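Please have a look at the model first.

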Amino acid sequence: MSGRTPQHIVVLMGGPSAEREVSLSTARGCAEAMRGEGYDVTELDAGADVVARLQQIAPDVVFNALHGRWGEDGCVQGILEWMRLPYTHSGVLASATAMDKARSKDVYRAAGLPVVQSRIVLRADAAADHVLPTPYVIKPNNEGSSVGIYIVKEGDAPVALPDTMPETVMVETYAPGRELTCTVLGAPGHERALPVTEIHMDGWYDYEAKYAPGGSRHTVPANLPADITAACRSFALRAHAALGCRSISRTDFRWDDARGIDGLILLETNTQPGMTPTSLSPEQAAQDGITFGMLCRELVEDASCDR
C-alpha cells in the first residue's frame with residue numbers, strides 16, 4: 001500500500017453456521033495480518049443486520065472470513081453481488097456448487113477426477129438400513145469442517161442418526177489411506193498449486209483434530225512419491241477450474257498407498273479454507289515463501305464483483 005491511502009476492508013466473520021468459532025479465529029488472524037499490511041480494517045460479525053451494517057460502513061472490499069452454510073454456499077456472495085461490494089474468494093455459483101457435496105462430485109466426475117460412489121438418501125433410510133456396502137461414511141451434504149461425520153465399519157449396525165442431522169444426508173464409500181490436501185492460489189490465469197500437506201492424527205480427521213492445538217500434525221511438503229505429489233497438485237488445479245473457484249481453494253484427498261495412483265481419491269474442495277493458527281493453507285503458502293500478510297493481500301487485491 002506504499003504511496004497511497006490504505007483501502008478500507010471489512011472482515012466478515014462469525015455468522016450463524018456450525019463453523020462460527022472457526023470463522024471468528026480465521027477472521028481475527030486475517031484482520032491482524034491485513035492491518036500489518038497497511039489496510040484499514042473493520043471486523044463485522046455477520047448477523048441479521050449485515051446488509052444495513054455494510055451500507056453504513058461502505059468498505060472498499062469485503063474479506064469473506066465466514067465458514068459453513070450461508071458464508072461459503074453462495075448466500076452471502078449473492079448479497080455482496082447485489083450490493084456491488086467487491087469481495088474475496090469464490091463467487092455465487094462456485095461457492096454453492098462446492099458446498100453441495102453431491103453436485104460437486106458430479107462436477108468432478110464430468111472432469112474425469114477420481115471420486116468414490118455416493119448417494120443422497122433420507123436420514124431415516126440411512127438409520128434404518130445399510131444403503132451402501134460397508135465401510136461407508138454418512139455426512140451432511142452441505143456442511144464443512146467434518147461437522148456431523150459418521151463412519152460405519154464392516155460389521156457395524158446402521159447408525160441411529162440424531163435429529164440434528166439434516167433430513168437428507170450423503171452416504172459415500174469409505175476411502176481408506178493417508179490424508180492429503182493441496183491449496184490452489186492465484187487470480188484467474190495465474191493459479192498455482194501450493195505444496196501438498198499430509199495430515200497425521202489418531203483416528204478420524206474430525207472437527208477437534210482440525211482446530212484444536214495438537215489435534216493433528218502436518219507434514220508439508222508431504223513425503224510422497226513424485227507422481228502422487230504431481231497428481232494431487234494437478235487434480236487440485238482441475239477441481240478449482242471445474243468448479244469455477246476464484247483466488248483460493250483447498251482440495252482434500254485420501255491416498256491408499258498400496259494401490260499407487262489408483263488409490264488417490266478426491267474428497268472435496270473448500271472454497272473458504274480456514275486461516276486459523278492450525279490451518280493448512282497458510283502453512284502451504286509459507287512453504288512457497290508467502291507470509292500470512294502476503295497471502296491476505298493477494299486475496300484482497302483479487303477482490304471483485306461478478307466472480
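This is a predicted model: local features need pLDDT of at least 70, side-chain atom pairs count only at pLDDT 80 or more; totals for chains, interfaces and linings use all residues.

Residues are numbered from 1 along each chain as its sequence is written, and side-chain values use heavy atoms, with hydrogens and water left out.

**The parallel sheet**
- Three strands form an open sheet in the order β2-β1-β3, with parallel pairing; strands (E, at least two residues) are DSSP runs numbered from the N terminus, as are helices (H or I, at least four).
- Its edge strands, β2 (40-45) and β3 (61-64), each pair on one side only; two strands pair if DSSP finds at least two bridges between them.
- From one strand to the next, the twist averages 25 degrees, with axes fitted to C-alpha atoms and angles running from 0 to 180 degrees between N-to-C directions.
- Four bridges link β1 (residues 8-13) and β3 in the parallel sense, and Val11 has Phe63 in β3 as its bridge partner.

**Strand β8 and its partners**
- Eight of the nine residues of β8 (residues 178-186) are buried, so this strand is largely enclosed by the rest of the structure; buried means under 20% relative accessible area (1.4 Å probe, protein chains only).
- β8 pairs antiparallel with β12 (residues 247-255) over nine bridges, where Thr181 stands opposite Asp252.
- β8 also pairs antiparallel with β10 (residues 197-200) over three bridges, and Leu180 stands opposite Glu198 there.
- β8 and β9 form a hairpin with five residues between them, and Gly189 in the turn has a positive phi of about 90 degrees.

How values were computed
Buried means under 20% relative accessible area, exposed over 50%, partly exposed in between (1.4 Å probe, protein chains only).
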